[in-house]
Amino acid sequence: MQHRVLLITGASSGIGAATARAAAREGYKLVLAARSSDKLTALAQELGPENVLTCGLDVTNMEQQQAMVEQALETFGRLDGIFANAGRGGSPGGFSEADHEAWREMILTNIYGVGLTIQACLPALKRSKGHVLLTGSAAGRTTIPGSMYSATKWAVTGIGYNLREELRGTGMRVTLIEPGMVDTPFFDEPPAHALEDRDIANAVVYALAQPAHVDVNEILIRPTPPLE
């Protein structure tokens, strides 16, 4: 089988970096994108630079997204899957008191950035009958008082559902990966009773590994409740 190529945004740490490691173990060539070029370079050295293309990327910039795809195709010749994972949190205070400027950056990254990644990559993915994976959240399936972050993840859920319908009949697959609390650099303090980033990476690899006739629509992953 020809080598498979997976593109990951938000790849410099946390879930993105863990997924890169897991996919590398499965033999994927990798396109790793994030704002932090230094962290990407270090990760590429760890995984084997001959199998990794790194791209500094602001996901809210379409020109950068398109340049990333062009580099990926020039380097590896194809794209078989993308994991639109880049995202950011908001600020405390609910709708009454949260920093509205923080909302702007979060909404642009978590929703608009995901849309741009999909649009930039779709032509190549259609040629390979590829796989789109999105980092949603358990927060995109429930009501959280005052949470604009949750609202952005509800939007990602909608993107996943609507994209799947657009691509129906093309042979392509769309998977929503929906973690609960995960211990990543996303949090200033490590949360108690949280998942590990590699737990989410394992779910991504599982979805990718299914045969072509199996479309894993959603994987909702929560930590096991602590013993009482």
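**View A. Lysine 129 sits in the loop between α5 and β5 (131-135).** Helices (H or I, at least four residues) and strands (E, at least two) are DSSP runs, numbered from the N terminus. The model is predicted, with local features needing pLDDT of at least 70 and side-chain atom pairs counted only at pLDDT 80 or more, whereas totals for chains, interfaces and linings use all residues. Residues are numbered from 1 along each chain as its sequence is written, and side-chain values use heavy atoms, leaving out hydrogens and water. Although lysine 129 is not a glycine, its phi is positive, about 50°, and its relative accessible area of 54% makes this residue exposed (over 50%, with buried being under 20% and partly exposed in between, for a 1.4 Å probe and protein chains only).

**View B. Helix α5 carries a kink of about 50° at leucine 122, shortly before proline 123.** The bend at a residue is the angle between axes fitted to the seven residues ending there and the seven starting there. At the N-terminal end, aspartate 99 caps α5, with a side-chain oxygen 2.9 Å from the backbone nitrogen of glutamate 101.

**View C. The largest nonpolar core has 33 residues, of which Val31, Met68, Leu79, Val132 and Leu134 touch the most other members.** Helix α5 (residues 100-128) gives the most to this core, with 8 residues. Such a core is a set of buried Ala, Val, Leu, Ile, Met, Phe, Trp, Tyr and Cys residues joined through side-chain atoms within 4.5 Å. Leaving aside residues up to four places away in sequence, valine 132 touches Ile82, Ile118, Leu125, Leu163, Met172, Arg173, Val174 and Thr175 (heavy atoms within 4.5 Å).

Note on methods:
A polar contact is a pair of N or O atoms within 3.5 Å; within protein, one must be able to donate a hydrogen and the other to accept it, and residues adjacent in sequence count only if both atoms are side-chain atoms.
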